[in-house]
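Work through the exercises below with the sequence and the model open. Each task is followed by a stepwise solution.

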Amino acid sequence: MYKMNICNKPSNKTAPEKSVWTAPAQASGPSPELQGQRSRRNGWSWPPHPLQIVAWLLYIFFAVIGFGVLVPLLPHHWVPTGYACMGAIFAGHLVVHLTAVSIDPADANVRDKSYAGPLPIFNRSQHAHVIEDLHCNLCDVDVSARSKHCSACNKCVCGFDHHCKWLNNCVGERNYRLFLHSVASALLGVLLLVLVATYVFVEFFVNPMRLRTNHHFEVLKNHTDVWFVFLPAAPVETQAPAILVLAALLILLGLLSTALLGHLFCFHIYLMWHKLTTYEYIVQHHPPQEAERAHRQLQSCPPKMRPIQEMEFYMQTFSHVRPEPSGQARPAAVSAKAPGPRPPLQLLVGFFGR
């Protein structure tokens with residue numbers, strides 16, 4: 001799906017693109033067609049995405065505060081259950097998350113090729129689409145009918161669903177279930193952690209002695225303002241406000257994470273119910289929104305430029321938004337024996353006549 005270019009605004013590319021091919025400056029030098037970016041193998045490929053770093057920092061924060069501060073403050077007979085439940089959920093999430101990040105979701109033929117060199121830059125003067133006749137012009141391999149070329153990873157992904165910035169990896173057929181399990185386990189773990197943090201926060205004001213059942217508090221019966229964290233292995237003294245601040249901060253971050261994860265999980269349940277991928281859902285719902293946005297942008301164009309931009313708008317609409325035939329067949333406009341492109345007026349007539 002290509003974003004329409006209105007009022008000379010840059011379009012949203014789906015692959016590294018070069019509009020016009022130019023001959024190399026030196027015969028022995030590398031061709032401009034070979035100056036594309038390298039393909040990324042999985043979520044560990046450099047560089048990391050900022051949201052991937054945020055996800056790991058949140059995981060570490062929830063784990064440290066949950067296991068080191070909050071669970072030890074539960075009533076003594078609840079502590080083993082708290083450690084067992086939260087430990088199982090956090091460990092399970094870590095396993096599926098690491099596996100989803102580490103898997104290479106590329107098409108089988110792409111995985112058989114070497115990732116050593118850069119891929120060509122997409123040349124629209126030679127090809128109308130990245131994938132034509134089930135052949136990727138960038139990866140230079142035949143791909144399956146459900147494969148799409150991801151511009152972020154710069155490779156074709158089998159059963160492409162979306163590119164997940166939190167995993168820093170594409171989600172496709174090979175790791176979709178792992179991605180969904182990662183979301184579900186994260187949602188369950190954060191909900192349990194928010195429940196524990198809320199209990200500690202409320203009991204701190206209602207009956208703080210119920211939070212001081214660990215034997216380390218026995219020597220501090222007359223010092224209720226002194227608390228311990230990282231019990232029982234490495235007790236560290238702290239003050240009461242620190243407990244409240246940590247519990248409140250975890251509740252806020254936990255509720256925000258729950259809202260985002262819950263929305264994402266429900267959305268993918270909806271997609272599974274309707275047998276859709278995220279990509280297919282966006283393609284189905286994007287054209288009406290894009291047309292409305294483009295209409296607003298056309299109205300904001302200067303009057304002298306509007307006829308030119310309207311012409312460009314309809315040409316791009318005809319070229320990119322109209323669904324392609326099954327199998328992603330090569331358009332006639334770029335076929336070797338195809339006639340030359342129609343004049344703009346014929347394009348407009350053909351567009352309105354459909």
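**Exercise 1.** Determine how helix α1 and helix α2 are oriented to each other.

Solution. α1 and α2 are roughly antiparallel, because angles over 145 degrees count as such. The angle behind this is a crossing at roughly 165°, with the axes of α1 (residues 50-70) and α2 (residues 79-102) coming within 11 Å. Axes are lines fitted to C-alpha atoms, for helices over the stretch in contact, and angles run from 0 to 180 degrees between N-to-C directions. Helices (H or I, at least four residues) and strands (E, at least two) are DSSP runs, numbered from the N terminus.

The model is predicted: local features need pLDDT of at least 70, side-chain atom pairs count only at pLDDT 80 or more, and totals for chains, interfaces and linings use all residues. Residues are numbered from 1 along each chain as its sequence is written, and side-chain values use heavy atoms, without hydrogens and water.

**Exercise 2.** Describe the pairing of β10 and β11.

Solution. Strand β10 (residues 226-229) pairs with strand β11 (residues 236-239) in the antiparallel sense over four bridges; pairing requires that DSSP finds at least two bridges. Within the pair, phenylalanine 228 stands opposite glutamate 237. Six residues separate the strands of this hairpin, and phenylalanine 230 in the turn has a positive phi of about 60°. The loop also holds proline 232, which a cis peptide bond joins to leucine 231, with omega about -5°.

**Exercise 3.** Find where the other cis peptide bond, that of tryptophan 46 and proline 47, lies.

Solution. Omega of this bond is about 5°. Proline 47 belongs to the loop between β1 (17-18) and α1.

Notes:
Angles under 35 degrees count as roughly parallel, over 145 as roughly antiparallel, 65 to 115 as roughly perpendicular and the rest as oblique.
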